[in-house]
Amino acid sequence: MRDDTHYRIASEKEMSKKEQKPAETIIEIQDMLPGGQDARKRRRRSMHFRRNWEFYVMMLVPLVFFVVIRYVPMAGNIIAFRRYYPGASIFGSENSGLKYFKMFIGQPTFWRAFFNTLTLNISYLVVRFPLTLIFALLLNEIRTLRWKKFVQTVSYLPHFISTVIVAGMIIQFVSLGGPVNQILQYFGKDTVHFIIEPSWFVTIFVTSGLWQSLGWGTILYLASMAHINPNLYEAAEVDGATHLQRVLHVTIPCILPTIATLFILDIGGLVGSGMAFEKVFLIQNPMTEEVSEILSTYVYKMGIKQNLYSYATAIGLFEGVINLILLTIANKTVKWLTGTSLW
Amino acid sequence: MIENERKRKAVESKDAALHYRDSFTSKAIIKGNENIKIKTADELVIRKWNKRESLGYRVFRVFNLFFMILISAATLYPFLYLVAQSFSSEAAIVSGSVTIFPIGFNITTYISVLSKGEFLLYYRNTIFYTLVGTTSSLFLSALLAYPLSKSHLKANKFIAPFVIFTMYFGGGMIPTFVLIARGLNLWHKWPAFIIPALISTYYVLLMRAFFIGSPHELEEAGELDGLSQFGVFFRIVLPLSKPIMATMTLFYAVSYWNNWWNAFLYLEKKDWPVAYYLRTIISYAATSNDPGDVSAEKMQVAANIKSTAMVLMALPIICAYPLVQRYYVQGMMLGGVKE
C-alpha cells in the first residue's frame, strides 16, 4: 500500500521501454485507416482489451465481491437518511432527511460514547506509540542474533491470539483470586474487583493493548532499520559519535518515513475502534458503562439490539466520515513535514 | 594521533569483516544452502570492540538484557498462568494460590471439556471454517492481486483506487449487517461466517507488492511458448509465489480461526465456532456484577473450564507459530519496507 507508487513508477518505466515502440508503429498504421485520428482511441482500447481480456476475467469474481460486500453497504449508509425497518428494502423505505442525525446530536449518551472513544484511543496512542518505537530501538541494539530472534518471536505471539482469549485472560487476571489481587494482598492492600471499577477501565485497556501489540508494532520499524546503509554508522563512528548519538542522528532520521506513516494510520483511527471494539465489547459490563461505552458498542446496542437501524447507521456514518477527514488531514500534514504520504 | 590510528584500524578490520562476510554469503548462496550460519560484520568484530566500549554503553547493554528478559517474561506469563489454571484443582484456583505451576495437578477438566459433545462440535466447525475460508480467500485474493500488479492494464488506474478506498472507509456495522442478514438472506446460514471476510484489502496489497517485485521473465517466456494468461498464472506465477502464499495462508487462517464476531451476528448455536463458544462462557464473568462469595466461587469453577477451553483453542496457533513465524515477518516486511 505504501510503496505502490514507487513500484508503479519503476515498472511503468520498464513497460514503456518494452512496449512503446511496437505500439507507436501500430498507431501510425491506424492513422492511415478510415476514421483516422478519431477512431484511433477506440481501436487502441479494443486492441488493449483483446490482448488483456484474461486479466480482466481473472479479476471479475473478486471485484464482484468488492462491489457487493464492500460497496453495497457503503451505499446502504443511505438508511441514515431514510427510515429502515426489518423487511423493508435494504436501502430504506421513506426519506427522513437529517432526522436521525439531529436525534443523536441531542443525545447525551451519544456524546458520552464519543468522548469515551477519544479518551480511550488517545491514552492508548500516547502510551503505545513512543513505547513501540523505544522497544524497536532497543531490539535493534541486541547484538546476539539468536537472542534477538527469541525476544521477537515471543513478543509477536500475543498478536495472533484471538481477542476472545485475550478478554478471557484479562478477566481472569484481574479477578478477585487472580495474580494482580494476589500481589495486592501480599503487600497488605485490600483486593480490588478491577473489572467492575470504572476508574480502572482505561488502565486495563491500555495495559492489555500493550501486551497484545508492543512486539508486533516493532516489525515495520525493524524492517526499515535493517535497510539503513551501514556506511552511515561507520561514518558517524569515525566522526566520533557515541552510541546514543548514532541512534539519534542516524537511526531515527532514517526511519522517520516509517514513523510518519504509522502515525498517520494511528491518527486516522482515533475516532474509529478497529480492533479495540472487540476487546471493549468483551470486557465491558453494565458497571463500567460510563467509561467503557464507545461509539461502536453504542452503535451495536442501538442498531442490532434495539433495532434502531437508521439511528445507529447515522452514528456509524458520522464516525466513518470523521475518520476519513482525520486521516486526510494527518496525511496532508505528514506529507508536508516529511514528504511521506499514504496515497 | 594514536586515536586516529586506532580508528583507522577499526574501520579496516570492519571492512575486512564485511568482505569476509560477503564472500561467505555468496558461497552459501552458490551452494543453495540457506542454513549456513552467516555471522554479520558486527559479530565478527565485536570482540575487538568490546574493549573500547564506554562504561555507559556497557551499562546500557546490561540494562537492555534485563529489559528484554522482563518483556519476554511478561509476555509469556499470562500463557503459563492459563495453562497452570487449566491443570489445577478447583480448590486451588478458588483460594487464589495458582501462580506459575499447577496446584493439585489433574486432567479431569480436560476430560470433562473434551467429553462434552458441544465443545468438539464447535471445534470441528472452527476447523471447517478455517479450511474452507482460507482456501477461497487465498484463491480470490491471488486472482485480484495478480492482474492488479500489471501496470500495463489500463483499467488498473480505476480498479486500484476502487479497491484501496475500502481500507479507509467502509459500510459500517449496521448496513453490513442488514446486507448480509437481510439483503443476501444469510441469516442463520453458515456461509455468513466466511463471506464478509473473504477478501482483505490489505492482504491483496501485500500480494500485489510481491507480484510486482518478482521477476517477469518467466511469465514472458510462458506467453511466448503459447500459454494463455490463465496458464501463466496457474502454472508459472502461483508455483513461484510460495513465500507469499504461505504468508497469506497463515494470515487468513489465523483470522478465520480467531473470528467470533460474525458468528455472534449471524449464526445459530449448532454452527458456532469455538471462539464464539468461548465468548459465551467468559461473558458470564464479565457481566456478573455481584462480587459476593457464592458467585465468586461459581466464577472460579467456571475459570477452570474457561482456561481449559482457552488453552485448547489457542493450542494450534501456539504450536504452529514458532514454525511459521518467519513467514509472518516476511509478509509484513513486504508491505512496509521503504528504500
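**Figure 1. The domains of chain A.** The C-alpha centres of domain 1 and domain 2 of chain A lie 42 Å apart. Domain 1 covers residues 21-80 and domain 2 covers residues 100-338; the bounds come from an automatic or database domain assignment. The structure is a predicted model, in which local features need pLDDT of at least 70 and side-chain atom pairs count only at pLDDT 80 or more, while totals for chains, interfaces and linings use all residues. Residues are numbered from 1 along each chain as its sequence is written, and chains are lettered from A and ligands numbered from 1 in the order in which they are written.

**Figure 2. Overall make-up of the two chains.** Chain A contains 15 helices and 2 strands, and chain B contains 16 helices and 0 strands. Helices (H or I, at least four residues) and strands (E, at least two) are DSSP runs, numbered from the N terminus. Of the 343 residues in chain A, 36% are buried; for the 339 residues of chain B the figure is 34%. A residue is buried if 20 or more other C-beta atoms lie within 10 Å of its own, exposed if 12 or fewer, and partly exposed in between, with C-beta atoms placed from the backbone. Among contacts between residues at least 6 apart in sequence, those joining residues at least 24 apart account for 65% in chain A and 67% in chain B. Two residues are in contact if their C-beta atoms, placed from the backbone, lie within 7 Å.

**Figure 3. The covered helix α6 of chain A.** Helix α6(A) spans residues 163-173 and is mostly covered, with 11 of its 11 residues buried. The buried residues include T163(A) and F173(A), and among the others are G168(A), M169(A) and Q172(A).

**Figure 4. Packing of α10(A) on α11(A).** Helix α10(A) (residues 230-238) and helix α11(A) (residues 243-268) pack at an angle of about 140 degrees, and their axes are 10 Å apart. Axes are lines fitted to C-alpha atoms, for helices over the stretch in contact, and angles run from 0 to 180 degrees between N-to-C directions. The two helices cross in a right-handed manner; a crossing is right-handed if the near helix is turned clockwise from the far one by less than a right angle, and left-handed if anticlockwise. L232(A), Y233(A) and A236(A) of α10(A) meet R246(A), H249(A) and V250(A) of α11(A). This contact has 4 nonpolar, 1 polar and 1 charged residues. Ala, Val, Leu, Ile, Met, Phe, Trp, Tyr, Cys and Pro count as nonpolar, Asp, Glu, Lys and Arg as charged, and the others, Gly among them, as polar.

**Figure 5. Packing of α9(A) on α11(A).** Helix α9(A) (residues 219-226) packs with α11(A) at an angle of about 145 degrees, with the axes 9 Å apart. The crossing is right-handed. On α9(A) the contact involves L220(A), Y221(A), S224(A) and M225(A), and on α11(A) it involves T251(A), I255(A), T258(A) and L262(A). By class, these comprise 5 nonpolar, 3 polar and no charged residues.

**Figure 6. The surroundings of T297(A).** T297(A) belongs to helix α14(A) (residues 295-305). This residue counts as buried because 21 other C-beta atoms lie within 10 Å. Apart from neighbours within four places in sequence, T297(A) is in contact with F277(A), V280(A), F281(A) and Q284(A).

**Figure 7. The contact between chain A and chain B.** In this view, 96 residues of chain B are in contact with 92 residues of chain A. Helix α16(B) (residues 293-336) supplies the largest share of the chain B side, 17 residues. That side divides into 62 nonpolar, 23 polar and 11 charged residues.

**Figure 8. Helices α5(A) and α3(B) across the two chains.** Helix α5(A) (residues 145-156) and helix α3(B) (residues 55-87) pack at an angle of about 30 degrees, with their axes 9 Å apart. The two are therefore roughly parallel to each other, the class given to angles under 35 degrees, whereas those over 145 count as roughly antiparallel, 65 to 115 as roughly perpendicular and the rest as oblique. Their crossing is left-handed. V151(A), V154(A) and S155(A) of α5(A) meet M68(B), I71(B), S72(B), T75(B) and L76(B) of α3(B). The contact residues are 5 nonpolar, 3 polar and no charged.
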